[in-house]
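Please keep the model open while reading this note. The points below go from the overall fold to single residues.

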Amino acid sequence: MAKILYFEDNKDIRDRVKDFLSDYEHKIDAYGDPTYFLARQEKKEVSLLSYDILVTDINMPYMGGIDFVKKHISDKGLEIPVIFMSLLCNNPKIKKFGIKNYALFEKGTHLGLLEQKINEMIKKV
């Protein structure tokens with residue numbers, strides 16, 4: 001069981017992924033974009049450090065997943081595993097920021113593979 005922070009702006013996808021992963025007894029906090037999470041973290045209601053893994057969409061309206069990871073994980077030297085979800089999985093910006101423990105997951109792929117990838121990445125830490 002993992003504690004997962006999940007960012008996805010598409011509510012249908014967000015709800016489907018959250019429901020699927022909850023069936024595997026993962027604890028998931030899902031947000032439509034990182035800005036609401038950051039506001040709650042500023043109020044000390046949540047903490048990025050309490051999560052085992054981040055699963056995030058790459059492209060979102062207010063703050064994308066890559067920008068969030070760069071500013072709040074890699075630039076701060078945190079070692080939280082990250083799974084980037086996108087329709088376009090070849091994004092050169094990811095390697096540029098020195099993100100060490102990450103994976104790419106193509107939207108539309110069977111969610112069982114996402115659950116498997118989460119478990120693999122958590123074991124690496």
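**Notes on the fold**

1. Of the 125 residues in the chain, 46% count as buried. Buried means under 20% relative accessible area, exposed over 50%, and partly exposed in between, with a 1.4 Å probe and protein chains only. This is a predicted model, where local features need pLDDT of at least 70, side-chain atom pairs count only at pLDDT 80 or more, and totals for chains, interfaces and linings use all residues. Residues are numbered from 1 along each chain as its sequence is written, and side-chain values use heavy atoms, with hydrogens and water left out.

2. The chain has five helices and five strands. From the N terminus on, the order is β-α-β-α-β-α-β-α-β-α. Helices (H or I, at least four residues) and strands (E, at least two) are DSSP runs, numbered from the N terminus. Among contacts between residues at least 6 apart in sequence, 61% join residues at least 24 apart. Contact means heavy atoms within 4.5 Å.

3. The five strands form an open sheet with parallel pairing, in the order β2-β1-β3-β4-β5. β2 and β5 (102–106) are the edge strands; each has a single partner, so one side of each lacks a neighbour in the sheet. On average, neighbouring strands are turned by 20° against each other, direction ignored. Axes here are lines fitted to C-alpha atoms, for helices over the stretch in contact, and angles run from 0 to 180 degrees between N-to-C directions.

4. Now the pairings. Two strands pair if DSSP finds at least two bridges between them. β1 (residues 3–7) and β2 (residues 27–31) are parallel over five bridges, and F7 stands opposite Y31 in β2. β3 and β4 (residues 82–86) are parallel over four bridges, with T56 opposite F84 in β4. β4 and β5 are parallel over five bridges. There, F84 stands opposite L104 in β5.

5. Which elements make a right-handed β-α-β unit? They are β1, helix α1 (residues 11–22) and β2. A crossover is right-handed if, with the strands pointing away from the viewer, the path from the first strand over the helix to the second runs clockwise.

6. In helix α3 (residues 65–74), the buried residues are G65, I66, F68, V69, H72 and I73. They cover an arc of only 165° around the axis, which puts them on the same side of α3. The arc is that of the directions from the helix axis to the C-beta atoms. An α-helix has 3.6 residues a turn, so residues three or four places apart point the same way.

7. Look at D57, in strand β3 (residues 53–57). Is D57 buried or exposed? At 4% relative accessibility, D57 counts as buried. Leaving aside neighbours within four places in sequence, D57 is in contact with F7, E8, D9, G65, M85, S86 and K107. A polar atom of the D57 side chain lies 3.5 Å from the backbone nitrogen of N59.

8. D29 lies in strand β2. At 17% relative accessibility, D29 also counts as buried. Not counting residues up to four places away in sequence, D29 touches K3, I4, L5, Y6 and Y51.

Definitions and conventions
Polar contact = N/O pair within 3.5 Å; in protein donor to acceptor, adjacent residues only side chain to side chain.
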